[in-house]
Amino acid sequence: MIDTAIPHKPNPMLEELKRNKVWLASIAILILLAILSPAQARFSLAFTLDALLHTAPFLILSIAIAAWAGATGADSLIARAFTGSPLLMIGLAALAGGLSPFCSCGVIPLIAALLSMGVPLSAVMAFWLASPVMDPSMFVLTTGVLGTEFAIAKTLSAIGLGVMGGLVVYLLARGGALADPLRAGIGNGGCGASNLRTPQPVVWKFWAAPERRAKFGREGIKTTLFLAQWLVLAFLLESLMLTFVPAEIIANTLGGTGIGPIALATVVGVPAYLNGYAALPLIGGMLEQGMAPGAGLAFLVAGGVTSLPAAIAVWALVRPKVFTLYIALSLSGAFLCGLLFQAWMGS
């Protein structure tokens, strides 16, 4: 029997739209704002450009490292450096995340590279959960606004959240529940990465080989374009939150003491968190008005991990089930940190 079915031919325009859907979403937001509120459109555009400029040093460094690792073949060495005891890796990754100077945006290329090179998701998740909560500059600012005790509690929360999340992922991964965590087209399959299966010799002077110079350029451009589309969208959405979610509403919602406000602060921290620096004086004002310290810590921890730049970064790299687990771990961990801190302050 002759098959007379007409073979399906992909529509080039449709394929191009799929590849650029994130850019199109950002453009659509700006066009809509320009029509409805030109002043807001100007503010959102200026906010986005300023945020990109602020994070540029971290991004450039991360992109250069990712491109260099791919061009030289050093990614295989990096992957092998993360081999060994999974529990030790989780602890070290959480510690590094809580103390690293990288923001949630600047660490995206590193996370993508680690996952694609075969680093266990448990260690990566530990780093990913801890990194947005605390960094050296945030510690100094938190000390100045909320006090040393609160800054130490926030640092310990970051590390503890990373350890807890890493252990949960480790246990789930042992049962095969989190195989192939990366989205299609990101890396080469996570835990089964070829860099671990068939390591290649490292060519440190990659610029001497034309094909490796070309690979450095391709990797750099690919990573830059990938980051740019998601960061532009994230910062645009953040600018809208700053305008349409007044701080007074957040303060009125999260006031009070007890376990209830801690749970509420954990949940409200997800959509209401502005950014790490703007949130500190907000929480400081609510603490002066009688807000429970545990609720303030829960808000800062949950909001930091699930803030738009951090959450969109995770969504862009991993499959929905891993993203859902990331959110669940951040909320449960933030609530637990709030409870422990409240118990410590009351003792």
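**View 1. The buried residues of helix α2 are V22, S26, I29 and L33.** This is a predicted model, so local features need pLDDT of at least 70 and side-chain atom pairs count only at pLDDT 80 or more, while totals for chains, interfaces and linings use all residues. Residues are numbered from 1 along each chain as its sequence is written, and side-chain values use heavy atoms, with hydrogens and water left out. Looking down the axis of α2, you'll find its buried residues within an arc of 60 degrees, so they line one face of the helix. (That arc is taken from the directions that run from the helix axis to the C-beta atoms.) The general rule is handy here: an α-helix has 3.6 residues a turn, so residues three or four places apart point the same way. On the face turned away from the buried side, α2 carries the exposed residues K21 and I35. "Buried" is under 20% relative accessible area, "exposed" is over 50%, and "partly exposed" is in between (1.4 Å probe, protein chains only).

**View 2. Helix α2 from end to end.** α2 takes in residues 21-36, which makes 16 residues. From first C-alpha to last, α2 reaches 22 Å, close to the 22 Å expected at 1.5 Å a residue. The expected span is 1.5 Å times one less than the number of residues. Helices here are DSSP runs of H or I with at least four residues, strands are runs of E with at least two, and both are numbered from the N terminus.

**View 3. Q40 and its contacts.** Q40 sits in helix α3 (residues 38-72) and counts as buried at 8% relative accessibility. Leave aside neighbours within four places in sequence, and Q40 is in contact with L33, S239, L240, T243 and F244. L33 has already turned up, as one of the buried residues of α2. A contact means heavy atoms within 4.5 Å.

**View 4. S122 in helix α7.** Helix α7 covers residues 121-130, and S122 is in it. With 5% relative accessibility, S122 counts as buried. Not counting residues up to four places away in sequence, S122 touches I90, G166, V169 and Y170.

**View 5. S131, in the loop between α7 and α8.** S131 is buried, with a relative accessible area of 2%. S131 and G98 are 33 residues apart along the chain, yet 5.2 Å separates their C-alpha atoms.

**View 6. The two faces of helix α8.** M138, T142 and L146 are the buried residues of α8 (residues 136-146). They cover an arc of only 35 degrees around the axis, which puts them on the same side of α8. Turned away from that buried side is a face with the exposed residues V140 and G144.

**View 7. Aromatic rings, including W315 with F323.** Rings of Phe, Tyr and Trp (its six-membered ring) pair if their centres lie within 6.5 Å; planes under 30 degrees apart are stacked, over 60 edge-to-face, and the rest tilted. By this rule there are six aromatic pairs. One of them, W315 with F323, is edge-to-face, at 5.1 Å centre to centre with 80 degrees between the planes. W315 is partly exposed at 34% relative accessibility, while F323 is buried at 18%. Elsewhere, F206, W207 and F216 make up one aromatic cluster.

**View 8. W204 and W68.** W204 belongs to the loop between α10 and α11 (210-244), and is partly exposed, with a relative accessible area of 47%. W204 and W68 are 136 residues apart in sequence but 9.1 Å apart in space, C-alpha to C-alpha.

**View 9. Zooming out to the protein and its confidence.** The protein has 17 helices and zero strands, and 46% of its 347 residues count as buried. Of the contacts between residues at least 6 apart in sequence, 84% join residues at least 24 apart. The mean pLDDT is 77, and 73% of residues reach 70 or more; pLDDT is the predictor's confidence in each residue, from 0 to 100. Where pLDDT is low, the predicted coordinates should not be read in detail.
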